[in-house]
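Open the model in your viewer and keep the selection panel at hand. The tour goes stop by stop.

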Amino acid sequence: MMSQPKRYATGLSNDLWLPAEALAVREEARRFADNVLKPLAHGLNTTPEKREGFRHDVVQAIANAGLYEIPFSTDVGGRGLRYPTLATLLVMEELGYYSPGAASAFYDGQAILCGQTLNNASDKIRQAYIPPLIKGEIVCCFATSEPDTSTDLSVSAMQTTAKRVEGGYVVNGRKRWITNSVAGDIVLLLCKTGNTLTMLIVDMHSEGVKVFDPDLKMGNHAQLTADIELSNVFVPEANRVGEEGAGLRVALGSLMIGRAGIAALGVGMAQRAFDFSANYICEREVFGKPIAAFQHWQFTYADHAIAIENARNLYQKAAMIHDKGEPSLPLMAMAKVSGSEVAVNMSRDAIQACGGYGFARTMTSDNVDWPLEAIYRDAKIGEIYEGANEVQRWAVAREIFGRGVTG
Ligand SMILES: Cc1cc2nc3c(=O)[nH]c(=O)nc-3n(C[C@H](O)[C@H](O)[C@H](O)COP(=O)(O)OP(=O)(O)OC[C@H]3O[C@@H](n4cnc5c(N)ncnc54)[C@H](O)[C@@H]3O)c2cc1C
């Protein structure tokens, strides 16, 4: 039986530029992850998706621990931190260390995508929705994707419409892949208003809202996604986020932070796969010596340590620049690519180094659960969602060559 894995990042990572408030938040989030998430992680990461499987208990536990306060200002019940984006992403890394699906659904979805969008709305909307979000009293969804479009959020591609009527809008359409929708109270919906896109807050208990059963996916099983169908749903004008026609800007602003969250999540996953497998190969012997004594694995783990620290530095730097109010888009894009790819590469090699045990979910005869196969399955979506990595590379290429060349 393996001993408790050592956290290698403690020796290999350097916190040079992290402010004291960020270090305190990381400590707090790690305590929560170790004490609350770790015991639940195997079930969260391996139980197939079911409508009744939505983990209200985990949302409530995150709320009870105060972690939903971190992104927000004090006027809505938040912490009022100086570097809220940085602190929020540190929480993502810590939660992602044990359960990427839970971190993606209950923190990136709830606190970042929905939290950021609500925070950009009128003060009335902020006061109405952010305090209950912080307390875990409402489940929120963020919906841009549709069956026929997701990467391309142009007006010509979008099919969901909001038609002006007296006092508000009537919405028709179908959204796809919507995280948390099976338990959602509100959905922040990007829809077409004539020749522009507008973001509306739709009460999911309204007449005309139908949520399908959750999709069955390769990974992120704790993140339930499903289609939402909207048939003649009335939305009051007061539920519009920003001006009519400002929806794409609002959505992309939230997605930019969300994708930095995916970067931090990738770093957390990579670190967990690194820690678990590095411990294992120090103990497991082949040909009379530990697997770690073979130079092949020493170089492989050295390369991964470099890649993890680079990815961590990138997301933290992007977050701090954003918190200082400076343009952060290219760094956020670089961070998304680095964090998501290091998770895939590290988990693949961790499985190889651990052999058959890396490939196992549970060794039934020993009654021992193994985490690496779930990390490998969960890592892949990081390269796709919240802006596929090709699109992130396109954003970086724009900085190099200019829009005139890249489009
Ligand atoms: C687990 C999960 C949770 C999700 N949660 C949500 C949610 O809560 N809300 C929501 O709105 N959506 C959500 N999504 C949708 C997700 O954001 C989309 O799957 C993602 O944006 C990709 O869109 P698509 O699947 O339609 O792929 P497409 O848009 O069809 O793209 C397919 C592939 O084309 C390639 N590609 C695209 N553009 C370019 C380009 N410019 N250059 C080169 N190649 C390119 C990329 O490799 C991309 O992966 C979720 C998806 C999953 C799987």
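Start with three selections: domain 1 (9-139), domain 2 (142-246) and domain 3 (248-406). These bounds come from an automatic or database domain assignment. Residue numbers start from 1 along each chain as its sequence is written. The model is predicted, with local features needing pLDDT of at least 70 and side-chain atom pairs counting only at pLDDT 80 or more, while totals for chains, interfaces and linings use all residues.

**Stop 1: domain 2 against domain 3**

Color domain 2 and domain 3. Their C-alpha centres lie 30 Å apart. Across the boundary, 13 residues of domain 2 are in contact with twelve residues of domain 3. Contact here means that the C-beta atoms of two residues, placed from the backbone, lie within 7 Å. What kinds of residue make up the side of domain 2 that touches domain 3? Eight are nonpolar, five are polar and none is charged. For these classes, Ala, Val, Leu, Ile, Met, Phe, Trp, Tyr, Cys and Pro count as nonpolar; Asp, Glu, Lys and Arg count as charged; the others, Gly among them, count as polar.

**Stop 2: the ligand shell**

Now select the residues around the ligand. There are 22 of them, and the closest are Ser 145, Ser 150, Thr 151, Trp 177 and Thr 179. A residue qualifies if its C-beta atom, placed from the backbone, lies within 6 Å of the molecule. Strand S1 (140-143), strand S3 (168-179) and helix H12 (389-401) each give two or more residues to this shell. Helices (H or I, at least four residues) and strands (E, at least two) are DSSP runs, numbered from the N terminus. The shell holds ten nonpolar, nine polar and three charged residues. Domain 2 and domain 3 each supply at least three residues to the shell.

**Stop 3: the nonpolar core**

Select Leu 188 and Tyr 315. They have the most contacts inside the largest nonpolar core, which has 124 residues. Such a core is a set of buried Ala, Val, Leu, Ile, Met, Phe, Trp, Tyr and Cys residues joined through C-beta atoms within 7 Å. Buried means 20 or more other C-beta atoms within 10 Å of a residue's own; exposed means 12 or fewer; partly exposed lies in between; C-beta atoms are placed from the backbone. Helix H7 (residues 247-283) gives the largest share of this core, 18 residues.

Stay on Tyr 315. Which residues is it in contact with, leaving aside neighbours within four places in sequence? They are Leu 89, Ala 260, Ala 263, Ala 264, Val 267, Ala 335 and Gly 339.

**Stop 4: strand S4 and its partners**

Go to strand S4 (residues 186-193). Eight of its eight residues are buried. In a regular strand the side chains alternate between the two faces of the sheet. Both faces of S4 are covered: one carries Ile 186, Leu 188, Leu 190 and Lys 192, the other Val 187, Leu 189, Cys 191 and Thr 193.

S1 runs parallel to S4, joined by four bridges. Strands pair if DSSP finds at least two bridges between them. Phe 142 has Leu 188 as its bridge partner in S4.

S5 runs antiparallel to S4, with eight bridges between them. Look for Leu 190 with Met 199, and Leu 189 with Leu 200. The hairpin of S4 and S5 has two residues between the strands, and Gly 194 takes a positive phi near 65° there. Strand S5 (residues 196-203) has six of its eight residues buried.

Move on to strand S8 (residues 240-241), which pairs with S5 in the antiparallel sense over two bridges. Arg 240 is the partner of Leu 200.

**Stop 5**

Select strand S2 (residues 161-165), antiparallel to S3 over five bridges. Arg 164 stands opposite Tyr 169. Two residues separate S2 and S3 in their hairpin, and Gly 167 in the turn has a positive phi of about 80°. S3 also pairs with S7, antiparallel, over nine bridges. There, Lys 175 stands opposite Ile 228.

**Stop 6: two asparagines**

Finish with Asn 220 and Asn 232. Asn 220 has a positive phi near 45°. It sits in the loop between strand S6 (209-211) and strand S7 (225-236). Asn 232 has a positive phi of about 50°, and its place is in strand S7.

Buried or exposed: which is Asn 220? Asn 220 is buried, because 27 other C-beta atoms lie within 10 Å. Asn 232 is exposed, because it has 10 other C-beta atoms within 10 Å.
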